[in-house]
Amino acid sequence: MRFDRRLSTVATVLLALALALTLPGCGPAERPAAETRPSAPEGASLTEAQLAVIDRAELVLTKKCMARHGHPYWVAPSMRADELRAPGYVLDDVGWARRHGYGGRIQQKALATKRHDRNIAYRAGLSEAEARAYVRALSGGPGTPLLTMPLPGGGKVRASNGGCEAEARKRLYGDPTVWFRADKIATNLTPLYVPRLLRDERFTKAQRLWATCMRRAGHSYTDPTSIRSALPRLTQGLDAGRAHTIEVRLAVAEATCARSTGFAETARRLEREHSAPVRARYARDIATRDRLQRAALTRAERLLGA
């Protein structure tokens, strides 16, 4: 992604996603990992660990509901809090980079968990009629109502509002229509301000300083995305240990330069500045999302504690 050149649509979308993962105020994915707290104070953002508690409670509720319909349902083991953090656009946590690189092993672990998902294997072993009954119980069958929400940046998102999955979300968040609207708006605001951020001279200047630092460290990359793009080629054909070593070396260099040049802090400050008018415009939806998440966390903790 080249911020000091003409922007492509793909670049804009990628940065929007990256900012949503690492910078404050864009949605659940950008929350910093932390130990799970007993509850979230009024007005506070939930951490990744707290959001993971809600996700796990949703799976547990789905399992209980499926059991009532006569179907087994397996809940996969939770990831560690340290593994929930995404590196974002520019990585600036040197310690995390030393442990995880860019999270390559974490991604491989998640993919392996999906490949060995017992629910998928169970469904694959069912007859056609049994599989239809299973899907109908899980997410609803033909004619199940859909929740539809136009996104602030254009386009629409839809989700099934049936079966045990919908029942679980309703028990945690309440009115599914209210939750769906608030969540989809609050987590899809980045396209409304990222293009302006990309053109901000303060951002491009900070990134050039970062690139100079990287070059002095022996890594000629103009932006963090170019490193991620190069990684598959750099590690192709290598054993897992050697590939991880290369990933860690680059990630540590990126994080060190991000901190020493102030690039990461500049990006966070500019994200707050550029997102403020957008967040003010959608303040009611953001507040609703946060309120429903805090309530869901309380219910999830009670459920899992029991």
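The following legends describe close-up views of a predicted model.

**Figure 1. Overview of the predicted chain.** The chain contains 14 helices and 2 strands. Of its 306 residues, 44% are buried. Among contacts with a separation of 6 or more, 69% join residues 24 or more positions apart.

**Figure 2. Helix H10 and its surroundings.** Helix H10 comprises 16 residues, 201-216. The distance from its first C-alpha to its last is 23 Å, close to the 22 Å expected at 1.5 Å a residue. Buried positions of H10 are Phe-203, Thr-204, Ala-206, Gln-207, Trp-210, Ala-211, Cys-213 and Met-214. These buried residues pack against four helices: H9 (194-199), H11 (224-235), H12 (240-260) and H13 (263-281). After H10 comes Gly-218, which has a positive phi near 95 degrees.

**Figure 3. Packing of H10 on H12.** The axes of H10 and H12 lie 9 Å apart, and the packing angle is about 135 degrees. This angle makes H10 oblique to H12. The two helices form a right-handed crossing. From H10, the residues involved are Trp-210, Cys-213 and Met-214; from H12, they are Leu-250, Ala-253, Glu-254, Cys-257, Ala-258 and Ser-260. Sorted by class, the contact of H10 with H12 has 7 nonpolar residues, 1 polar residue and 1 charged residue. Trp-210, Cys-213 and Met-214 also belong to the buried set of H10.

Figure 4. Gly-262 occupies the loop between H12 and H13. With a relative accessible area of 22%, Gly-262 is partly exposed, because the buried class is limited to values under 20%. Gly-262 and Trp-210 are 52 residues apart along the chain, yet their C-alpha atoms are separated by 8.1 Å. The second residue, Arg-269, lies in helix H13. Arg-269 is likewise partly exposed, at 36% relative accessibility. The C-alpha atoms of Arg-269 and Phe-203 are 9.8 Å apart, across 66 residues in sequence. Both partners, Trp-210 and Phe-203, are buried residues of H10.

**Figure 5. Packing of H2 on H7.** Helix H2 (residues 48-68) and helix H7 (residues 163-173) have axes that come within 8 Å and cross at roughly 130 degrees. H2 and H7 are therefore oblique to each other. H2 passes H7 in a right-handed crossing. On the H2 side, the contact is made by Ile-54, Ala-57, Glu-58, Leu-61, Thr-62, Cys-65, Met-66 and Arg-68. On the H7 side, Cys-164, Glu-165, Glu-167, Ala-168, Arg-169, Arg-171, Leu-172 and Tyr-173 take part. The contact of H2 with H7 includes 9 nonpolar, 1 polar and 6 charged residues.

**Figure 6. Helix H14 and the elements that cover it.** Helix H14 (residues 283-305) has 23 residues and should span 33 Å at 1.5 Å a residue. Its end C-alpha atoms are 33 Å apart, in agreement with that value. The buried residues of H14 are Asp-285, Ile-286, Thr-288, Arg-289, Asp-290, Leu-292, Gln-293, Arg-294, Ala-296, Leu-297, Ala-300 and Leu-303. Their cover includes H2, H7, helix H8 (176-186) and H13.

**Figure 7. Packing of H2 on H14.** The axes of H2 and H14 come within 9 Å and cross at roughly 60 degrees. That angle makes H2 oblique to H14. The crossing of H2 and H14 is left-handed. H2 contributes Gln-50, Leu-51, Val-53, Ile-54, Arg-56, Ala-57, Val-60, Leu-61 and Lys-64 to the contact. H14 contributes Gln-293, Ala-296, Leu-297, Ala-300, Glu-301, Leu-303 and Leu-304. By class, the contact of H2 with H14 divides into 11 nonpolar, 2 polar and 3 charged residues. Ile-54, Ala-57 and Leu-61 of H2 are also among the residues that make the contact with H7.

Figure 8. Met-149 is found in strand E1 (residues 146-150). At 9% relative accessibility, Met-149 counts as buried. Leaving aside neighbours within four places in sequence, Met-149 is in contact with Gly-155, Lys-156, Val-157, Phe-180, Arg-181, Lys-184 and Ile-185.

Conventions: Residues numbered from 1 in each chain as written. Predicted model: local features only at pLDDT ≥ 70, side-chain atom pairs only at ≥ 80, totals over all residues. Heavy atoms only, no water. Expected span 1.5 Å × (residues − 1). Buried < 20%, exposed > 50% of the residue type's maximum accessible area, 1.4 Å probe, protein only. Contact = heavy atoms within 4.5 Å. Axes fitted to C-alpha atoms, helices over the stretch in contact; angles between N-to-C directions. Parallel < 35°, antiparallel > 145°, perpendicular 65-115°, else oblique. Left-handed = near helix turned anticlockwise from the far one by under 90°. Nonpolar A, V, L, I, M, F, W, Y, C, P; charged D, E, K, R; others polar.
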